[in-house]
Amino acid sequence: MTAQELTEQIFKKKSFLCVGLDTDLDRIPTYLLSEKDPVFSFNKAIIDATHEYCVAYKPNIAFYEALGVDGWKSLKKTIDYLHSDYPEIYTIADAKRGDIGNTSRMYAKAFFDDLGFDSVTVAPYMGKDSVEPFLEFNNKHTILLALTSNEGAFDFQTLKTNDEDLYKKVIKTSKEWNNSENLMYVVGATKAEYLADIRKIIPESFLLVPGVGAQGGSLEEVCKYGITKNVGLLVNSSRKIIYASDSSNFAEIAAAKAEAMQVQMAEELEKL
Ligand SMILES: O=c1ccn([C@@H]2O[C@H](COP(=O)(O)O)[C@@H](O)[C@H]2O)c(=O)[nH]1
């Protein structure tokens with residue numbers, strides 16, 4: 001899916017919500033554990049209930065890898081289900097990959113060609129040749145970690161290099177890379193006020209913003225500093241939506257949480 005098509009979906013659905021599929025066998029309703037594929041059953045129920053309120057889903061790959069072969073099968077079934085039943089949905093593999101070039105190429109093939117995700121998150125630490133192999137894929141996005149939502153973001157990302165914050169240097173440098181038009185960036189909702197400066201460097205780029213909900217970030221603050229006339233935001237919430245309830249009507253409750261966020265987003269879009 002192109003960024004233009006994603007923007008069209010955002011205005012059509014009046015939502016820039018991304019629902020995170022951080023599916024954990026220890027947190028899903030226990031009655032699902034007797035199903036053949038509990039992870040897929042849970043994801044399918046969440047997707048069917050929430051899809052009208054969001055434009056994207058973001059499975060965090062760690063939750064699937066942790067289950068070995070079964071986890072990969074559940075991930076594949078989930079992405080195939082999205083492609084077949086909800087082709088208008090944008091998909092993000094939150095995998096935080098990046099390695100020497102020929103290895104990065106294999107990661108890119110895995111997530112873009114084999115699994116067919118629209119985008120994958122990538123760590124910038126190994127530099128240009130570790131990211132460019134992802135950028136070669138047409139109509140696929142590489143979402144570079146810029147300023148993350150966790151406390152540890154201050155360990156390195158805000159260190160000064162030649163009087164400039166490292167995360168700003170990463171963003172500026174990445175704009176020079178081949179096919180940089182295929183880049184998006186991760187900026188944590190917990191650091192919303194930084195978005196004002198970030199928008200000076202990348203006024204048009206899409207930002208994936210995790211950290212609203214369980215991590216305490218505010219949607220209002222994110223919009224105040226980060227929204228553009230074309231929106232340019234995908235705001236993720238995982239646990240606050242998918243684990244809102246562990247009873248048999250968990251999907252209904254998740255839908256209510258997603259709808260509440262969508263309503264707030266529609267209000268923000270009205271202001272544009
Ligand atoms: O800076 C980052 C980058 C990625 N994440 C991921 O987003 C979700 C957030 O989940 P919540 O339950 O809504 O807190 C999760 O998959 C993280 O690994 C992030 O939080 N911050």
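**Asking how we know**

Trainee: What covers the buried residues of α8?
Mentor: The cover includes β5, β7 (164-165), β8 and α9. Keep in mind that this is a predicted model.

Trainee: Which residues of α8 are buried, and what makes us say that they line one face?
Mentor: In helix α8 (residues 166-174) the buried ones are Y167, K168, I171 and S174. Seen down the axis of α8, they fall within an arc of 135 degrees, so they line one face of the helix.

Trainee: What about the buried residues of α10?
Mentor: Helix α10 (residues 219-226) has L219, V222, C223 and G226 buried. Their arc around the axis is only 95 degrees, which puts them on the same side of α10. Among the elements that cover them are α9 (195-201), β9, β10 (233-237) and α12 (250-270).

Trainee: Now the strands. Which strands make up the closed barrel?
Mentor: Eight strands do, in the order β1-β2-β3-β4-β5-β8-β9-β10, with parallel pairing. From one strand to the next, the twist averages 30 degrees.

Trainee: How do you know that β8 and β9 count as paired?
Mentor: A pair needs at least two bridges. Strand β8 (residues 183-187) and strand β9 (residues 207-209) have two bridges in the parallel sense, so they meet the cut-off. Y185, for example, has L207 as its bridge partner in β9.

Trainee: What are the pairings of β1?
Mentor: β1 pairs with β10 in the parallel sense over three bridges, and with strand β2 (residues 56-59), also in the parallel sense, over four bridges. On the β10 side, C18 has N236 as its bridge partner. On the β2 side, G20 stands opposite K58.

Trainee: Why is β1 called largely enclosed?
Mentor: Five of the five residues of β1 are buried, so the strand is largely enclosed by the rest of the structure. L17, V19 and L21 point one way, C18 and G20 point the other way, and all are buried. In a regular strand, side chains alternate between the two faces of the sheet.

Trainee: Which helix lies across β4, β5 and β8?
Mentor: Helix α6 (residues 128-135) lies across β4 (119-122), β5 (141-147) and β8, and runs at about 145 degrees to β5.

Trainee: Which residues touch the most other members of the largest nonpolar core?
Mentor: Of its 81 residues, those are L17, C18, A146, Y185, V187, V222 and V235. The largest share of this core, seven residues, comes from α12. In soluble globular proteins, nonpolar side chains tend to be buried together.

Trainee: What does Y185 touch?
Mentor: Not counting residues up to four places away in sequence, Y185 touches I143, L144, A146, I171, I202, S205 and L207.

Trainee: Where does UniProt place the "active site" feature?
Mentor: The unreviewed UniProt entry places it at K96, a residue found in strand β3 (residues 90-97). Leaving aside neighbours within four places in sequence, K96 is in contact with T121, A123 and L145.

Trainee: Why is K96 called partly exposed?
Mentor: Buried takes 20 or more other C-beta atoms within 10 Å, and exposed takes 12 or fewer. K96 has 16, so it falls in between and is partly exposed.

Trainee: And why is R27 called partly exposed?
Mentor: R27 has 14 other C-beta atoms within 10 Å, so it too falls between those cut-offs. R27 sits in the loop between β1 (17-21) and α2 (38-50). Its C-alpha atom is separated by 9.5 Å from that of I242, 215 residues apart along the chain.

Trainee: What makes D163 exposed?
Mentor: D163 has 5 C-beta neighbours inside 10 Å, so it meets that cut-off as well. Its place is the loop between β6 (160-161) and β7, and its phi is positive, near 70 degrees.

Conventions: Residues are numbered from 1 along each chain as its sequence is written. This is a predicted model: local features need pLDDT of at least 70, side-chain atom pairs count only at pLDDT 80 or more; totals for chains, interfaces and linings use all residues. Axes are lines fitted to C-alpha atoms, for helices over the stretch in contact, and angles run from 0 to 180 degrees between N-to-C directions. Two residues are in contact if their C-beta atoms, placed from the backbone, lie within 7 Å. The arc is that of the directions from the helix axis to the C-beta atoms. A nonpolar core is a set of buried Ala, Val, Leu, Ile, Met, Phe, Trp, Tyr and Cys residues joined through C-beta atoms within 7 Å. UniProt positions are given in the numbering used here, feature names are shortened, and annotations may be inferred rather than shown by experiment.
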